[in-house]
Amino acid sequence: MSKTDLRPALSRMLPYTPGEQPPPGKFIKLNTNESPYPPPQEVIRAIQDAATGPLNRYPDPTARSFRNEASRVLGLPSPDWILAGNGSDEILTILVRGFVGEGQKLRLPYPSYILYRTLADIQGARWEQTPFLDGWHLPTMFGQGDADLRLVLLPNPNSPSGTIVPKDEIAKLAESLPCPLVVDEAYADFAGDNCLDLVRSHDNILVTRTLSKSYALAGIRFGFLVGSPAILGKLGNIKDSYNCDYLATVAATAAIGAQDWLRETVETMNQTRARMETRLAELGFNVTPSKANFVWCTHPSGEHEAMHQFLKKNQVLVRYMNFPDWGDGLRISVGTDQQVDACLMLLERYLS
Ligand SMILES: *Cc1c(COP(=O)(O)O)cnc(C)c1O
């Protein structure tokens, strides 16, 4: 033990590696599920106006303007059903900190969002990965747990698969669990369905949302949690006092109000996704039908890593993912039609 060692629990942790973020302009970026489109005009104008706002003052600690607008748009009973965060990654941190003590256990499906494991490791908690069954179904045991199971995390739609667990199954899952079930809805806007109404019927269901994907604001950092006011009140006590900055709150408030823009953009991207799925299948890929803004595909040749490298050499970034004991493949974000065509053309060239 040296003077500068971190906590012992951290020596075992698996650090999370985010997708590559090269300087802008050089690559067609289809690797981190960002929107290929700029955010709505209302957001740009709101940020411009905010630049002459009270930047010398601390922001509203609870992002009230955002919560008012979001609760109205989402049809929630009141703004107290929303906890705002610095990206939904911060919300996930708050949830793990709040519910899972050192040595206690959280559960996640596999393969899914790797960050959950990292958050458990930081906490000195244990994690349990339950593999999806064929067809991306959850096994029955996913809904069982002993007393030390403190939290279950389920991305829905899932990443990297883009698949969803039906809402009735989620309700049953929550009923059988001895702990909160977090439904991470980072991609729900692309899916046409979500679990927001379950939050009202099941107080152990908590839904996380982000402005990073469907609202095209990954650079702004804003996400939120939807849950019963009693639980959110307690979780609010463990967040940083000023976790959402003024500019981010202004931008997020304008964005959540732009529902017409959201509908149109999602429709466009889902059409691009359908074209992508068709063309990838024609090229011989096994394509998992996606409900998100990305497509998971594998190729019988197994040359996923080489394809990733070939694309990168030609200025197209996609995500190569390798899940130990499970397999590897490519996760390709839905870009503009032009970006997706460039990627598909290169894959065709690689395979010919
Ligand atoms: C992108 C993503 C997030 C993170 O969203 P931020 O709000 O940008 O932190 C959370 N969960 C999943 C499954 C994601 O893919």
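Reply: A polar side-chain atom of R221 lies 2.8 Å from an oxygen atom of the ligand, a polar contact being a pair of N or O atoms within 3.5 Å; within protein, one must be able to donate a hydrogen and the other to accept it, and residues adjacent in sequence count only if both atoms are side-chain atoms. The protein buries 93% of the 390 Å² that the ligand exposes when taken alone, with accessible areas from the Shrake-Rupley method and a 1.4 Å probe. This is a predicted model, in which local features need pLDDT of at least 70, side-chain atom pairs count only at pLDDT 80 or more, and totals for chains, interfaces and linings use all residues. Residues are numbered from 1 along each chain as its sequence is written, and side-chain values use heavy atoms, with hydrogens and water left out.

Y187 also places a polar side-chain atom 2.6 Å from a ligand oxygen atom. From S88, a backbone N or O atom lies 2.6 Å from an oxygen atom of the ligand. Around the ligand are G87, S88, D89, Y113, D184, A186, Y187, T210, S212, K213 and R221, each with a heavy atom within 4 Å of it. This shell divides into 3 nonpolar, 4 polar and 4 charged residues, where Ala, Val, Leu, Ile, Met, Phe, Trp, Tyr, Cys and Pro count as nonpolar, Asp, Glu, Lys and Arg as charged, and the others, Gly among them, as polar.

As for the setting, the domain assignment, automatic or from a database, gives domain 1 (24-37 + 260-351) and domain 2 (41-257). Their centres, taken over C-alpha atoms, are 25 Å apart. In contact, meaning heavy atoms within 4.5 Å, are 24 residues of domain 1 and 23 residues of domain 2.
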